[in-house]
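Hi,

Here is the structure I said I would send over.

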Amino acid sequence: MFKLNIRKPFVFLLFIFFFVSGHSNELEKKIKSLRTCLNSEQACDSTYARLFKNVELLESDTTAARLYSLLGQVRERAGLWDSIAENAHYAALKRIQRTNDPCLEMDFRFSITRFALFQHDPEETIKRAQKALEIANQCGEEEHIAHAYSFLGAAYIDHGSLPIAMENLQKSEKIYTRLNDSIGLAMVMLDKAIAYTEMGEEENAMDETKRAAAIYKSAGKELNYAYAMTDLCSSFIAFNQIDTALKYLKECELILRDKSQLGMMYINRHYCVLYETTKNNDLAIEYGKRALDIAESVQDYALSAGVLIHMSIASERKGNLRDSYAYALKSDSLTIAMGQNVSRLDPLRRLAILEAKFKNAQASSDYYEKYIELNDSLLGQEKLAEIKRLEIQFESEQARSSLALRDSENKLLQSQNKAARNRNFALAALLAVLVLFTLYLVRRKNNALRIKDLAKENLEQELNHKNKELTSQALQIAQKNELLENLKSSLHQLNIVEENSDQLKDVLNRLKIESQIDDNWASFMKQFIETNPNFYKRLSEICPKITKSEKRLASLLRMNLSSKEIALILNITPEGIKKARYRLRPPTLARRL
């Protein structure tokens with residue numbers, strides 16, 4: 001009896017388990033089969049609503065959350081990224097939150113974040129990604145944290161805050177590398193490729209995409225490989241590698257056809273861009289329309305806006321200005337509706353160009369002014385994004401407990417104190433450097449002045465020495481001339497007779513000195529020019545007809561020699577010196593030389 005009492009409740013529980021399990025399995029099969037109905041564009045809303053109600057009745061939160069999420073995914077894979085799909089994801093999140101298990105919550109957090117990434121404005125995506133990162137940190141599993149950082153990076157790419165995006169993607173990449181998760185790495189690489197493309201670093205973008213494609217191919221993930229190679233084709237087109245782009249587009253088209261509506265949307269988009277680039281305008285418009293049909297069904301307005309610009313350019317080349325204008329205007333309307341300012345630059349520029357072709361000068365000017373104003377405002381976009389990111393972070397921190405807030409404030413205060421100490425230390429170090437540098441400059445200036453004074457002193461000494469040598473040489477000439485005068489007087493006193501021949505020879509020998517006078521004057525003139533380099537040039541300018549004798553006289557006057565000394569040097573009487581000075585007008589020359 002005892003055994004029977006134990007087995008009865010056990011059997012009953014087993015019955016309930018298999019009944020619930022069988023019921024949930026049946027619901028799952030019906031949900032998966034719903035995809036066929038949605039793809040065929042039949043009226044499936046009532047069936048969808050009934051399945052939604054059936055999931056609501058399930059008691060197991062984890063099972064209900066999983067099936068709600070499946071309902072949202074089935075709708076998305078059919079290209080229906082609408083509020084019904086989003087409600088399914090939110091319903092899944094609410095049910096899983098009842099378990100109070102942050103790790104179980106992560107997949108459902110990522111689902112609503114992914115939805116926002118494709119359908120909402122960047123601000124909403126950032127909020128959801130921030131919340132996902134917060135829950136991931138509570139869970140503590142590195143895989144979830146890495147995934148959350150990758151979502152945050154993708155959100156900031158859409159926001160246009162590329163440095164912040166790269167910062168988060170690099171954090172994700174480091175964790176995935178540590179976990180040796182190649183698939184996670186490939187996902188981050190594709191996001192980095194998008195960021196590099198936005199920054200104009202197309203070669204880096206190609207490298208990241210090639211690495212991601214190689215990972216997916218080696219892992220046997222055919223669809224992911226096709227997505228990566230489709231992205232790579234945009235880089236091939238940008239580098240004008242048209243044949244390579246066509247080759248891989250055809251390969252990817254074979255893989256994605258009938259398997260991925262989104263994939264085929266991007267394939268057609270790349271064909272449109274490729275043919276517009278090669279000026280095959282008809283094909284560009286044809287593939288553009290194919291891409292638009294899919295984009296409108298999945299409500300991908302960003303892709304539609306970009307494709308419309310290429311169609312506008314192709315139509316203009318064909319001469320269809322009205323169609324070109326209509327495409328550009330629709331693109332502008334879509335970017336306004338999305339609130340993506342960066343994407344609006346191209347439509348504004350196209351509209352300005354087309355208005356000018358229509359000869360609507362004022363309208364063209366208005367569009368150009370909007371373009372310039374928007375472009376200028378985007379220059380500070382990254383700073384504004386950083387401020388917004390800090391605001392969002394602050395708002396999330398406010399929701400924490402008061403204890404955590406006080407700890408944060410204490411840490412902030414400690415950080416500020418440390419920063420203040422570091423700042424004071426840096427200022428003191430800077431002041432010390434400035435003082436040392438100032439002392440160095442003063443010392444250097446003093447040394448320069450000392451060197452200058454020494455040079456001046458040396459120059460003056462050298463000049464005085466040369467002047468002394470010059471005076472000495474002039475006096476030697478005067479002594480020689482005086483010697484000649486004495487010799488002449490001796491000749492007058494001699495009676496030129498044979499018995500006096502010895503005396504006569506002596507006098508003649510002494511007269512040989514006279515032949516050296518011209519040499520002495522040449523040496524004197526050379527040394528005088530070294531001391532007074534411009535004297536003779538200026539003298540010739542003032543007195544063009546001055547004689548050699550007068551030049552000698554002017555030189556001696558320049559040396560401030562007396563008339564008696566000059567008379568001895570030039571071997572003339574003092575009276576002759578006075579006359580020569582009068583003729584030369586030395587007072588006038590003295591003032592001008």
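A disulfide here means a pair of cysteine sulfur atoms within 2.5 Å. With that cut-off, a search of the whole structure turns up one disulfide. Before I get to it, some housekeeping: this is a predicted model, so local features need pLDDT of at least 70 and side-chain atom pairs count only at pLDDT 80 or more, while totals for chains, interfaces and linings use all residues. Residues are numbered from 1 along each chain as its sequence is written, and side-chain values use heavy atoms, with hydrogens and water left out.

**Cysteines**

The disulfide joins Cys103 and Cys139, with the sulfur atoms 1.9 Å apart. It links distant parts of the chain: Cys103 sits in helix H5 (residues 102-119) and Cys139 in helix H6 (residues 122-139), 36 residues apart. (Helices are DSSP runs of H or I with at least four residues, numbered from the N terminus.) The torsion about the S-S bond of Cys103 and Cys139 is about 100 degrees, so the disulfide is right-handed.

For burial I use relative accessible area: buried is under 20%, exposed is over 50%, and partly exposed is in between (1.4 Å probe, protein chains only). Cys103 is partly exposed at 23%, whereas Cys139 counts as buried at 15%.

What about Cys233 and Cys252: how far is the sulfur of Cys233 from the closest cysteine sulfur? That distance is 5.4 Å, to Cys252, which is too far for a bond. Cys233 is buried, with a relative accessible area of 0%, and Cys252 is buried at 0% too.

Cys272 is in helix H13 (residues 261-277) and is buried, at 0% relative accessible area. Counting contacts as heavy atoms within 4.5 Å, and ignoring residues up to four places away in sequence, Cys272 touches Ala284, Tyr287, Gly288, Val307, His310 and Met311.

**Helix H15**

H15 (residues 301-318) has 18 residues, which should span 26 Å at 1.5 Å a residue; its end C-alpha atoms are 25 Å apart, which agrees. (The expected span is 1.5 Å times one less than the number of residues.) Just after H15, Gly319 takes a positive phi of about 90 degrees.

Ser304 in H15 is buried, at 3% relative accessible area. Leaving out neighbours within four places in sequence, Ser304 is in contact with Leu292, Ala295, Glu296 and Leu334.

**Salt bridges**

I count a salt bridge when a side-chain nitrogen of Lys or Arg is within 4 Å of a carboxyl oxygen of Asp or Glu. The structure holds 22 of these.

One of them pairs Asp61 with Arg95, the closest N and O atoms being 2.9 Å apart. That pair links distant parts of the chain, with Asp61 in helix H3 (residues 61-77) and Arg95 in helix H4 (residues 83-97), 34 residues apart. Both Asp61 and Arg95 are buried. H3 itself is mostly covered, with 13 of its 17 residues buried, and it reaches 24 Å from its first C-alpha to its last, close to the 24 Å expected.

There is also a salt-bridge network linking Glu173, Lys192, Glu208 and Arg211. Within it, Lys192 and Glu173 have their closest N and O atoms 3.0 Å apart. Lys192 lies in helix H9 (residues 182-198) and Glu173 in helix H8 (residues 162-179), so the pair ties together parts that are 19 residues apart in sequence. Lys192 and Glu173 are both buried.

Arg211 and Glu208 meet at 3.5 Å, N to O. They are three residues apart in helix H10 (residues 202-218), so about one helical turn separates them. Arg211 is partly exposed at 41% relative accessibility, while Glu208 is buried at 7%.

**A nonpolar patch**

Last item: which residues make the nonpolar surface patch of about 690 Å²? They are Leu427, Leu430, Leu431, Leu434, Val435, Leu436 and Leu439. (Patches use residues with over 30% relative accessible area and no salt bridge; like charges are joined within 9 Å, and nonpolar side chains, meaning Val, Leu, Ile, Met, Phe, Trp and Tyr, within 5 Å. Areas come from the Shrake-Rupley method with a 1.4 Å probe, and for residues only the protein chains shown count as cover.) Leu431 is found in helix H20 (residues 402-493) and counts as exposed, at 53% relative accessibility.

Cheers

Note on methods. Helices (H or I, at least four residues) and strands (E, at least two) are DSSP runs, numbered from the N terminus.
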